[in-house]
Every structure is written in structure tokens, then in C-alpha cells.
Amino acid sequence: MEPLFARADGRFWNNDAWKRPFKRAVMKAGLDPRIVPYCLRHTAITEFILAGIDSAIVAAWAGTSVRMIEQTYGHFRSETIGRLVDQVSLL
């Protein structure tokens, strides 16, 4: 099995291999040093939901269940639906 994202040496990423490169990337990008990969994952999922992407697609991309997406991010879906209804009402 080949890794989806291989390290420069071709090996799989493990729990520790990403830490230093990620911290360097955060510093280089000028982000808050408290940023961790989970923050970026949460932001991406939120943006996908706000963009109106189906929860099943978001769940597949995030490697989680539709149930978790709906429980955690469902309130964003409600806001998006409300915004769309308001836009249609203006027509």
C-alpha cells in the first residue's frame, strides 16, 4: 500500500513526523503559533458546510460520519439555509 501523502523519504507520516514541519509552516505563514492541524480541519469543514456542500460529501472528505458532521456543524447548515431563503424571498 502506498501512502496518500508520503514523506520526502517515501515513508508514511506518523503521529510525530508532522509536528516540526507543521510548526515551521505555521511560523512561515505568520499564523498564531497555537494553530494545530485540527484547527485547520475544523475551519475547512465549517467552510464546506457554509458553502452548502452536502454533509455526506464533507464527511467523506473529512474521514468521519455524516452524524458527526451534522451534530458538530449542523447549526452552520441552518444558518446557510436561512440565508438562502432570505435571498429567494428578495426576488
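Let me begin with Phe5, which sits in the segment before helix H1 (19-29), a helix here being a DSSP run of H or I with at least four residues, numbered from the N terminus. This is a predicted model, in which local features need pLDDT of at least 70 and side-chain atom pairs count only at pLDDT 80 or more, while totals for chains, interfaces and linings use all residues. Residues are numbered from 1 along each chain as its sequence is written, and side-chain values use heavy atoms, with hydrogens and water left out.

Phe5 is exposed, at a relative accessible area of 62%, where exposed means over 50%, buried under 20% and partly exposed in between, with a 1.4 Å probe and protein chains only.

Turning to charges, the structure holds three salt bridges, each being a side-chain nitrogen of Lys or Arg within 4 Å of a carboxyl oxygen of Asp or Glu. In one of them, Arg7 meets Asp9 at 3.9 Å, N to O, and Asp9 is partly exposed at 47%. Another joins Asp16 and Lys19 at 3.1 Å, N to O; Asp16 counts as exposed at 54% relative accessibility, whereas Lys19 is partly exposed at 37%. Arg34 also forms a salt bridge with Asp32, their closest N and O atoms being 2.6 Å apart, and here Arg34 is exposed at 67%, while Asp32 is partly exposed at 33%.

Methods. Helices (H or I, at least four residues) and strands (E, at least two) are DSSP runs, numbered from the N terminus.
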